[in-house]
Amino acid sequence: MPFKVLIANRGEIALRAIRACKELNISTVSVYSEGDKDLKHLKFSDETVCIGPASPLESYLNTPAILSAAELTQVDAIYPGYGFLAEDYSFAEMCEKSGFKFIGPSSETIKNMGDKITAKTLAEESGIQIVPGYKNDIPKDPEKFKNIAKEIGYPIMIKATAGGGGRGMRVVESEDELISSAEITMQEAKNAFGNEKIYLEKFIPNPRHIEIQVIGDGKGHAIHLGTRDCSMQRRHQKIIEEAPAKNIDQDALEKTYEASINLCKKLKYEGAGTIEFLYENGEFYFIEMNTRIQVEHPVTEMITGFDIVKAQLRIALEMDIKLDQDSINFFGHAIECRINAEDPKTFQPSPGKITKMHIPGGFGIRYDSHIYGGYVVPPYYDSLLAKIITLANSRNSTIKRMISALDEFFIEGIKTNHSLHQEILHDKTFIDNKHTINYLENEFLKNDG
Ligand code: MV4
């Protein structure tokens, strides 16, 4: 009997997963909401099940509806993609308890990495450099608390242990803000996550965001697939990503690779994961680990030729797979531009009907998207329309190839951030690879009238 997998997601990643399943002769069940009946991947899926209304809470986040669909169609495993339930440890646990393989790491690992203090402790124990700070219980005595902060040195960042991805954090410039900022962060964390626990870090003012892609077999063996630079972002939404990260201290990188593999071995990490770092003055500082496939995985696939989604499936379904670090070779440079349905200046979402469009093609160009002419972009979900990925020998050639691909690409009927991409690709700071996480918001978008 061939394997059967339920895809618990929508949009481009659902299509990406179906393509991988087809290559592995895995049959697919796609679940969709009432707002998503025209999604492209449903046409290529062996079976489809409507799981509820358009609202994400009632469909793609509705665990009982998804598990019922899995029961009804008798699948072997569930593919979560990114977002939605991908990093919800109780969903992974419910899949396991219902007899469906969750395609990803164990619920225990998802839970541990979701608690940022636990994640930091595990990373530190594996030899990964962490941001200096304080992650024990905050003392009740305000003077003791102030002394801890003074020792770290201002500015300080207060983070909620249940936060992550930019949620539940606050910068503290000086001692007189410390207590009130801590109280506010705790209260917000309690409301948002039901967990008020916080920790302190030295604030790293102007870093790059570098991440390492890892793959584990779930039995204590793991490899890495190199780095990505995701510094070009606005409000924690990445806009352009690239692989590999350039101008990185090679000694620091080698040590960080080794320690990252140690962490995966210690966790008996299963499937694809990403270890995120802040990088400043030649040093890597661990911030968190994502236990899912990421939007930007294609840039890594392009420079390695390694199919990360197929690896996730093969590992989960215990199909043969070779995870051999020495057989991973890196070629050239890849860049991804995320095309969103949004106003390029105000960033307001722009759902609606795509009246006409033309997709780019040619040597070294990859296009991952679920949209088509006549498709109506619904207002209920995130605004990602398409990912254009280019690969060439050098970073400069890859930028040129992207400019050319974007010139070919047009979408009519809705607004997109296409023009923003064209402007960034011609920007000197970006071309010189001098941008940090602050560049887009604090410099690029301010200079432009
Ligand atoms: C930081 C930081 C500066 N110093 N921690 C934001 C998301 C979460 N993953 C961690 N984040 C940050 N943590 C210290 N000690 C700055 C950020 C940060 C950031 C990090 C990566 C990518 C984009 C960012 C945008 C704003 C702030």
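How much area do domain 1 and domain 3 bury between them, and what share of it lies on carbon and sulfur atoms? In this predicted model, the area buried between domain 1 and domain 3 is about 2,400 Å², and carbon and sulfur atoms account for 62% of it. On the side of domain 1, E12, R16 and L24 together provide 26% of the area buried against domain 3, which is more than any other three residues supply.

The two domains belong to an assignment that divides the protein chain into domain 1 (4–88), domain 2 (132–202) and domain 3 (208–448). The centres of domain 1 and domain 3, taken over C-alpha atoms, are separated by 23 Å. Their contact involves 32 residues from domain 1 and 29 residues from domain 3.

A helix pair was also examined. Two packed helices are described by the angle between their axes and the distance between the axes. Helix 7 spans residues 142–152 and helix 8 spans residues 175–193; their axes come within 10 Å and cross at roughly 115°. Helix 7 is therefore roughly perpendicular to helix 8, since angles of 65 to 115 degrees are counted in that class. The crossing of the two helices is right-handed. Helix 7 contributes P142, F145, K146, A149 and K150 to the contact, while helix 8 contributes E175, L178, I179 and A182. Sorted by class, the residues in this contact of helix 7 with helix 8 comprise six nonpolar and three charged residues, with no polar ones.

Methods
Residues numbered from 1 in each chain as written. Predicted model: local features only at pLDDT ≥ 70, side-chain atom pairs only at ≥ 80, totals over all residues. Heavy atoms only, no water. Axes fitted to C-alpha atoms, helices over the stretch in contact; angles between N-to-C directions. Helix = DSSP H or I, 4+ residues; strand = E, 2+ residues; numbered from the N terminus. Parallel < 35°, antiparallel > 145°, perpendicular 65-115°, else oblique. Left-handed = near helix turned anticlockwise from the far one by under 90°. Contact = heavy atoms within 4.5 Å. Nonpolar A, V, L, I, M, F, W, Y, C, P; charged D, E, K, R; others polar. Domains from an automatic or database assignment. Buried area = accessible area lost by both parts, 1.4 Å probe.
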